[in-house]
Amino acid sequence: MFQKIVINFKKKSLKERFLLVIGMLFFLLYLGLGLIIIFWKSMPISMEPKYRIAFGILLIVYSFIRFIRFFSIQKEEL
């Protein structure tokens with residue numbers, strides 16, 4: 001299965017590879033930002049804990065929605 005992913009990655013054009021890397025980068029960025037907002041207690045932005053946790057969960061859910069949409073679009077193109 002991993003070999004199939006590597007072969008498909010090598011078949012992509014330079015533009016498609018770049019978009020794949022950017023898509024993964026933004027997924028990790030939103031995921032990390034959501035986790036930071038949830039677990040960083042002394043955050044410089046003053047927020048109540050319930051709003052901070054809600055905003056962090058919202059960012060994490062958004063990152064997974066982007067992840068699922070990105071790879072569903074990639075599968076349709078194959």
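**Exercise 1.** In which helix is the place of F55?

Solution. This is a predicted model, where local features need pLDDT of at least 70, side-chain atom pairs count only at pLDDT 80 or more, and totals for chains, interfaces and linings use all residues. Residues are numbered from 1 along each chain as its sequence is written, and side-chain values use heavy atoms, with hydrogens and water left out.
- Step 1. Take helices as DSSP runs (H or I, at least four residues), numbered from the N terminus.
- Step 2. Read off the place of F55: helix α3.
- Step 3. F55 is partly exposed, at 36% relative accessible area (buried is under 20%, exposed over 50%, partly exposed in between; 1.4 Å probe, protein chains only).

**Exercise 2.** Determine whether S63 is buried or exposed, and list its contacts.

Solution. 
- Step 1. Locate S63: helix α3, residues 49-77.
- Step 2. Its relative accessible area is 0%, so S63 is buried.
- Step 3. Set aside neighbours within four places in sequence. S63 is then in contact with F27, Y30 and L31 (heavy atoms within 4.5 Å).

**Exercise 3.** Describe the chain as a whole.

Solution. 
- Step 1. Count elements: three helices and zero strands (a strand is a DSSP E run of at least two residues).
- Step 2. Write the pattern along the sequence: α-α-α.
- Step 3. Get the buried share: 21% of the 78 residues.
- Step 4. Take contacts between residues at least 6 apart in sequence. Of these, 57% join residues at least 24 apart.
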